[in-house]
Amino acid sequence: MAIKLYNTLTQKKETFQPIEEGKVRMYVCGPTVYNYIHIGNARPAIVFDVVRRYLEYREYDVQYVSNFTDVDDKLIRAAKELGDDVPNVAERFIAAYHEDTGALGVKKADEHPRVTENMQEIIDFITALIEKNYAYESEGDVYFRTRQFEGYGKLSHQSIDELKLGSRIVVGEKKEDPLDFTLWKAAKEGEISWASPWGEGRPGWHIECSAMAKKYLGDTIDIHAGGKDLAFPHHENEVAQTEALTGHPFANYWLHNGYININNEKMSKSLGNFVLVHDLIKQHDPEAIRFFMLSVHYRNPINFDHELLASAKTGLDRIKDTVENLEHRLLNSADLAEDIQDWKEKIEDYRKRFVTEMDDDFNTANAISILFELSKEANLYLQGTNSSKEVLEQFLERFADFGSVLGITFKQEKALLDEDVDQLIEERNEARKQRNFSRADEIRDELKEQGILLEDTPQGVRWKRM
């Protein structure tokens, strides 16, 4: 079976063929670290983490790079507002990014390059573009000659003429053409800056990703990914400047995730409807947030509200309960069932269907539907009196496999019972033995008030926190 993915460049699904057999070079645009990330930033972090996990599940060796923009206008403004310097602000919010995305189950990239750590590579990249006549210096700034690059607009599927209609040169601007974009900015007084052949300054936004992708992954990479809002101008400009320099395709496959709406309105600063992940994970189970994000295909828009998130939590908890019930039965199982092979074939069929859906442009929405079907099948199996250890283990293996791809453990969190609660459970067990059911019920109610739910099963008493 082959993986098919939707390539923004060609606007169609294509069979994935890596440059090097068994290896994938993947670059995902990371955040500008001037504040805590919002859920719009979290979506690409989660969905492309799943792409990476699935490629690894399919036994590819994935080299995954995601950058941090740790110097730009937003960081300079944030530093002034906070009364701090740019490096400290960047360091603070890089740490916050790892904390927040880590809570959401996102694995760290193999490399998290920063702009400030790759300044020489960026300067060398710009110098080479000037030498090839694709860029020019103007009063300390450096611009890319957009018209010089044949095929500009091919990623966003816009013509030069269409782009020109939306562009204009502002009085006092130093460009040759309104479509030219900035590679290097001359420093203003008091701003953080670096020495360059064109004077003190810092990079433009687009050049940094081109330079870092080239450094860490090579001239041509397999997959470049990011939010739909980055397709133009950021990714379009990356294509132009990189291919102008190398003469080779920059990326063979471009993946873009859809927007997030808040209560059916597009998330925007003007509407003030930004939701910070830092705050959200204090209010909701981070795994439920991730589960919610994956319940819609990554290319489709997703509507966020707290009710939908609560519904996702309920669905996730149902699956976690199934896994917990399987584990509990496994402790007390005996190989008494006679239809083991039939069940094993059923469970294997779920794996094949899961793979089929994920092979189809990483369709996590359909994959989660199969996960719910597997949970329903497992619950049906658990209704039987007899159970096979082998079948139970295979059910659990499937949940673990699917969870490894989706980045969800399907494990219920349990706090340790303190000694008082332990004693109450033991006292209740003894009361039941003595047929003192009124006392047993009192203890059950007392524990329930403490948020502990007891369940009497043929294999013994189980408990979980509510």
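Reader: How many of the 16 residues of helix 7 are buried?

Author: In this predicted model, where buried means under 20% relative accessible area, 14 of the 16 residues of helix 7 are buried, so the helix is largely enclosed by the rest of the structure. For the protein as a whole, 50% of the 466 residues count as buried.

Reader: What is the setting of that helix, in terms of the number of helices and strands and the span of the C-alpha trace?

Author: The protein has 15 helices and 15 strands, and its C-alpha trace spans about 90 × 50 × 35 Å along the principal axes.

Reader: Which peptide bond is cis, and where is its proline found?

Author: The general idea is that most residues other than glycine have a negative phi, and most peptide bonds are trans. Here the bond from Phe232 to Pro233 is cis, with omega near 5°, and Pro233 belongs to helix 7, which runs over residues 231-246. Just after that helix, Gly247 takes a positive phi of about 80°.

Reader: Which residues have a positive phi although they are not glycines?

Author: Among them are Glu139, with a phi of about 55°, and Phe362, with a phi that is also about 55°. Glu139 sits in the loop between strand 5 and strand 6, while Phe362 sits in the loop that joins helix 11 (340-359) and helix 12 (364-382).

Reader: Is each of these two residues buried or exposed?

Author: The cut-offs matter here, since exposed means over 50% relative accessible area and buried means under 20%. Glu139 has a relative accessibility of 64% and therefore counts as exposed, whereas Phe362, with a relative accessible area of 2%, is buried.

Reader: Which residues line the largest cavity, and how much space lies in it?

Author: The general idea is that rolling a probe the size of a water molecule over the atoms shows where empty space is left. The structure holds 1 cavity of 30 Å³ or more, and about 50 Å³ of space lies in the largest cavity.

Reader: In what order do the 4 strands of the open sheet stand, and which of them are at the edges?

Author: The order is 5-6-7-8, and the pairing is antiparallel. Strand 5 (135-138) and strand 8 (201-203) stand at the edges, and because each has a single partner strand, one side of each is left without a neighbour in the sheet. From one strand to the next, the twist averages 20°.

Reader: Over how many bridges do strand 6 and strand 7 pair?

Author: Strand 6 (residues 141-144) and strand 7 (residues 181-186) pair over 3 bridges in the antiparallel sense, and Phe144 stands opposite Phe181 in strand 7.

Reader: What does UniProt list for residues 31-41?

Author: The UniProt entry, which is unreviewed, lists these residues as "short sequence motif: 'HIGH' region". In the model, the end C-alpha atoms of residues 31-41 lie 7 Å apart, and the span is 27% helix and 0% strand.

Technical notes
Residues numbered from 1 in each chain as written. Predicted model: local features only at pLDDT ≥ 70, side-chain atom pairs only at ≥ 80, totals over all residues. Heavy atoms only, no water. Pairing = 2+ DSSP bridges. Helix = DSSP H or I, 4+ residues; strand = E, 2+ residues; numbered from the N terminus. Axes fitted to C-alpha atoms, helices over the stretch in contact; angles between N-to-C directions. UniProt positions renumbered as here; feature names shortened; annotations may be inferred. 1 Å grid on protein atoms, 1.4 Å probe; cavity = no way out; pocket = protein on both sides within 12 Å on 5 of 7 lines; lining within 4 Å. Points joined across faces, edges and corners; volume = space filled by probe spheres on them. Buried < 20%, exposed > 50% of the residue type's maximum accessible area, 1.4 Å probe, protein only.
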